[in-house]
Amino acid sequence: MPELPEVETVVRSLAPYLPGRRILSAEFDSRFVTPGNRRALAHKLAGRTIGSIRRRGKFIVILLDQGSLSVHLGMTGKLLLDGERTAHTHGVFTLDHGVLLYDDPRQFGRIEWNPRRIDKLGPEPLEIGLDDFVKRLRARKSRVKALLMNQSFLAGMGNIYVDEALFAAGIHPLAMASRLSVARAARLYQSIRETLTLAIEHRGSSISDYVDASGQRGNFQILHRVYGREGEACIQCAAAIRKIVVAQRGTHFCPRCQREPRR
DNA sequence: CTTAATGTTCCCCA
DNA sequence: TTGGGGAACATTAA
């Protein structure tokens, strides 16, 4: 469920409530979501006070009075404030006021103490400068779709927003990054910024079950122009949207607006 | 019954 | 060192 706009929305929905809260106790029951010693993790969290909550790439980072906690929502993870426990609730944070639940059917998400994975993330797409982005992009010999999904190149983009940004930029997902002109790379930079900014304004995309911490769905899915629209008419040229597989992910694009790169 | 799903990591190969 | 391809992780819905 979560790419940058969804994670940002979750963080914003928690920010008014979490800072200053004390974690009275924590419980974890999944060896996938919380690999390692779950009781030790719960023990480290008990008694901690939450300082702040922020987003880095697709990670939610909660700074504590001692140490920090990171939550990655994987594909189906949810952080819910005062929500109902289900068969897929794998984390429970009992606070001095309220309860924070981690719910994740597929258990691809991770809850980690002092995470080091975050150190390997590339720059934030809404913070990197144009020149830096263009230079980094054109230095890579990789399909542009695969590159934008690579979190060490750029942090936060996922399958939905890469497809949407490439459509907005008129770039084919199989185009080689190193062969994009400076002008086309610059257009991609702007398309990424506009797509992500608009998606955040619409509180993210709820394709199947994404909700923020208060259980509210996002609305950006109704504005998707290629993702999930295979066979439907392109909103710009009416050609049928095509779906192929790139980097093992369903990839949607307009064959007319995003021309096949010549090889 | 088979396939695909908003993600990441690891292994093998070029 | 870089990048591509495939498998794996667990669950559900179409």
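Biologist: Is helix α1 (residues 4–14) largely enclosed or open, and how many of the residues in it are buried?

Modeller: Helices here are DSSP runs of H or I with at least four residues, strands are E runs of at least two, and both are numbered from the N terminus. Buried means under 20% relative accessible area, exposed means over 50%, and partly exposed lies in between, using a 1.4 Å probe and protein chains only. Helix α1 is largely enclosed by the rest of the structure, because the buried count is 10 of the 11 residues.

Biologist: What kind of model is this, and which pLDDT do side-chain atom pairs need?

Modeller: It's a predicted model, where local features need pLDDT of at least 70, while totals for chains, interfaces and linings use all residues; residues are numbered from 1 along each chain as its sequence is written, and chains are lettered from A and ligands numbered from 1 in the order in which they are written. Side-chain values use heavy atoms, with hydrogens and water left out, and side-chain atom pairs count only at pLDDT 80 or more.

Biologist: Back to α1, then. Which elements do the buried residues of α1 pack against?

Modeller: Among those buried residues are L4, V7, V10, V11 and L14. Contact means heavy atoms within 4.5 Å. The packing partners are β2 (50–56), β3, β5 (78–81), β7 (99–103), α5 (159–169) and α6 (182–201).

Biologist: How is chain A divided, and how many residues does each domain put into the contact?

Modeller: The bounds come from an automatic or database domain assignment, giving domain 1 (4–120) and domain 2 (130–253). Their centres, taken over C-alpha atoms, are 27 Å apart. The contact takes 18 residues from domain 1 and, from domain 2, 21 residues.

Biologist: Why is strand β4 (residues 68–72) called largely enclosed, and which residues sit on each side?

Modeller: In a regular strand, side chains alternate between the two faces of the sheet. In β4, 5 of the 5 residues are buried, so the strand is largely enclosed by the rest of the structure. Both faces are covered, with S68, S70 and H72 on one side and, on the other, L69 and V71.

Biologist: Which residue in β8 is the bridge partner of V71?

Modeller: Two strands pair if DSSP finds at least two bridges between them. β4 pairs antiparallel with β3 (residues 59–64) over 5 bridges, and V61 stands opposite S70 there. On to strand β8 (residues 110–113): 4 bridges join it to β4, again antiparallel. For V71, the partner in β8 is I111.

Biologist: Where is T251, and which side chain does the side chain of T251 make a polar contact with?

Modeller: T251 is in strand β10 (residues 249–253) and counts as buried at 0% relative accessibility. A polar contact is a pair of N or O atoms within 3.5 Å; within protein, one must be able to donate a hydrogen and the other to accept it, and residues adjacent in sequence count only if both atoms are side-chain atoms. At 3.1 Å, the side chain that T251 reaches is that of K145.

Biologist: Which residue in the turn between β9 and β10 has a positive phi?

Modeller: Strand β9 (residues 242–246) runs antiparallel to β10, with 5 bridges joining them. The two form a hairpin with 2 residues between them, and the residue with a positive phi of about 55° is A247.
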